[in-house]
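Welcome! Take a look at it first, and then we will go through it topic by topic.

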Amino acid sequence: MKIKLTINTNFEINKLKDLEKYRNYVEVNNLEKPNFSRISRELGVDRRTAKKHYDDLIKKERKPKKSVLDEYYKEIAYLLSNENIQEFEYKTHLYRYLTREKGLKCSRSNFNHFILCHSELAKYFNKTKDKNAVKTETSFGYEAQFDWKEKLRFEFSDGSIFVFNVGSLVLSASRFKVWSIYPSTSQEYLFDFLTNAFQILKGVPKRILIDNATTMMINARTGISDGSINPKFKNFADDFQFDIKPC
């Protein structure tokens with residue numbers, strides 16, 4: 001015999017499953033919670049069981065879905081361990097390496113989800129950010145930031161090591177980046193990099209943020225001093241008509 005239960009509304013509760021739907025009905029219509037003692041008597045179940053169904057605490061047991069990335073777990077764990085000399089600054093770099101070198105076939109979003117679901121892997125990418133970093137919002141083409149990524153080590157499979165530097169110019173508004181490799185951070189290479197970067201950008205930013213390298217600053221800028229700009233770098237800036245802002 002089917003039990004029919006009406007609780008001060010037109011909503012009928014005939015089985016426990018209906019309690020999950022009734023909860024949504026109560027919330028939408030801003031009604032009071034039902035009398036679980038009455039419901040349990042009418043349906044012939046324990047009051048706690050009725051309340052669990054109402055709160056949607058009883059979940060169906062599902063077999064964990066197997067991911068194509070499960071077979072790559074050990075490989076990923078090794079690549080992110082201290083045993084591996086390679087470094088992956090972003091998850092995207094690791095994803096590209098695995099697809100190129102290990103034949104991984106999955107979407108980047110699924111890969112990111114897999115990493116985030118494994119805290120022991122995700123913590124590799126959750127490095128502390130520099131609290132002193134300055135975020136700027138400027139109009140397009142107005143400002144860029146220059147920096148050297150110095151003494152980067154690249155080790156070949158035969159054990160030989162190549163040390164190089166990367167010049168980086170980042171536009172503040174669009175975040176468009178120009179990168180180039182150089183054997184040193186001398187002023188000659190500094191001028192060469194910036195000249196080539198302006199050609200790539202097809203223009204010169206109005207202002208360029210710099211650090212306190214001696215090729216650009218003779219005396220570093222501090223909290224109490226504006227410092228002094230390297231004369232050759234100042235002449236270079238004047239020729240290309242951009243302002244210098246030491247960080």
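This is a predicted model: local features need pLDDT of at least 70, side-chain atom pairs count only at pLDDT 80 or more; totals for chains, interfaces and linings use all residues.

**Strand S6 and its partners**
- Isoleucine 208 has isoleucine 244 in S9 as its bridge partner.
- Isoleucine 210 stands opposite proline 246, which is also in S9.
- S6 also runs parallel to S3, and 3 bridges join these two strands.
- Here arginine 207 in S6 is the bridge partner of glutamate 143.

**The whole sheet**
- In what order do the 5 strands of the open sheet follow one another? They are arranged S5-S4-S3-S6-S9, and the pairing is mixed.
- Strand S5 (177-182) and strand S9 (243-246) are the edge strands, each pairing on one side only.
- On average, neighbouring strands of this sheet are turned by 25 degrees against each other, with direction ignored.

**The helix across the strands**
- Helix H8 (residues 187-201) lies across strand S3 (143-155), S4, S5 and S6.
- Relative to S5, helix H8 runs at about 145 degrees.

- Phe154, Phe156, Phe162 and Ile181 make a nonpolar surface patch of about 400 Å².
- One of these residues, phenylalanine 162, is found in strand S4 (residues 161-171).
- Phenylalanine 162 counts as partly exposed because its relative accessibility is 40%, and partly exposed covers the range between buried, under 20%, and exposed, over 50%.

Technical notes. Residues are numbered from 1 along each chain as its sequence is written. Side-chain values use heavy atoms; hydrogens and water are left out. Patches are made of residues with over 30% relative accessible area and no salt bridge: like charges are joined within 9 Å, nonpolar side chains (Val, Leu, Ile, Met, Phe, Trp, Tyr) within 5 Å. Accessible areas come from the Shrake-Rupley method with a 1.4 Å probe; for residues, only the protein chains shown count as cover. A salt bridge is a side-chain nitrogen of Lys or Arg within 4 Å of a carboxyl oxygen of Asp or Glu. Helices (H or I, at least four residues) and strands (E, at least two) are DSSP runs, numbered from the N terminus. Buried means under 20% relative accessible area, exposed over 50%, partly exposed in between (1.4 Å probe, protein chains only). Two strands pair if DSSP finds at least two bridges between them. Axes are lines fitted to C-alpha atoms, for helices over the stretch in contact, and angles run from 0 to 180 degrees between N-to-C directions. Contact means heavy atoms within 4.5 Å.
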